[in-house]
Amino acid sequence: MAKRKAPVGAAAPTFEEALARLEAIVRELEEDELPLERSLTVFEEGVRLSRLLHERLNEAERKVEVLMKNEDGEKVPVPFSGGAEARADAAADAAADAADVAADDAEDDDEDEDATGGTPGGHGQSALPF
């Protein structure tokens, strides 16, 4: 599957679209059979989406702060309840964890091959008589 990049000049995904894609990336990274190269490609996309989501959340927070100024022009702090921000953070954390697992699995496969000499029968011995 090719890396998905928006065409030049294309509009960035909405917050909801980016969050849904990040959640799909997490599910894909959690699969046991995902090759290392695909894991890295998908993880990179997830990092870009995570940054986009955090940027949009920070922008929304700034807008809310401007709207929540009191009559003297002083900002009145308004705590965010979590919601979408918590989901974005959880999805980013899960993507990182899944990528770590995929990398560990790839290392384990390499170690197994080294221990058997790279032969299907194991024991590091050639099946040829010489």
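1. Asp100 counts as partly exposed, at 46% relative accessibility; buried means under 20% relative accessible area, exposed over 50%, and partly exposed in between (1.4 Å probe, protein chains only). Asp100 is found in helix 3. The C-alpha atoms of Asp100 and Ser39 are separated by 9.5 Å, although the two residues are 61 residues apart along the chain.

2. The basis of this note is a predicted model, in which local features need pLDDT of at least 70 and side-chain atom pairs count only at pLDDT 80 or more, while totals for chains, interfaces and linings use all residues. Residues are numbered from 1 along each chain as its sequence is written, and side-chain values use heavy atoms, with hydrogens and water left out.

3. The protein chain has three helices and zero strands, in the order α-α-α along the sequence. Helices (H or I, at least four residues) and strands (E, at least two) are DSSP runs, numbered from the N terminus. Of the 130 residues in the protein chain, 22% are buried. The chain exposes about 9400 Å², of which carbon and sulfur atoms supply 53%; accessible areas come from the Shrake-Rupley method with a 1.4 Å probe, and for residues only the protein chains shown count as cover.

4. The mean pLDDT of the protein chain is 73, and 51% of its residues reach 70 or more; pLDDT is the predictor's confidence in each residue, from 0 to 100. Among the elements, helix 1 has the highest mean pLDDT (94) and helix 3 (residues 83-115) the lowest (64). The pLDDT is below 50 over residues 119-123, a stretch with four contacts in the model beyond near neighbours in sequence. Over residues 126-130 the pLDDT is also below 50, and this stretch has zero such contacts. Where pLDDT is low, the predicted coordinates should not be read in detail.

5. The largest nonpolar core has twelve residues, among them Phe15, Leu34, Val42 and Leu57. Such a core is a set of buried Ala, Val, Leu, Ile, Met, Phe, Trp, Tyr and Cys residues joined through side-chain atoms within 4.5 Å. Helix 1 (15-29) and helix 2 (36-67) are the elements that give two or more residues to this core, and helix 1 gives the most, with six. Leu52 is also one of the core residues; leaving out residues up to four places away in sequence, Leu52 touches Pro13 and Ala18, where contact means heavy atoms within 4.5 Å.

6. The 15 residues of helix 1 should span 21 Å at 1.5 Å a residue, and its end C-alpha atoms are 21 Å apart, which agrees. The expected span is 1.5 Å times one less than the number of residues.

7. Which side chain makes a polar contact with that of Arg38? The partner is the side chain of Glu28, at 2.9 Å. A polar contact is a pair of N or O atoms within 3.5 Å; within protein, one must be able to donate a hydrogen and the other to accept it, and residues adjacent in sequence count only if both atoms are side-chain atoms. Arg38 lies in helix 2 and is buried, with a relative accessible area of 14%. Glu28 is among the buried residues of helix 1.
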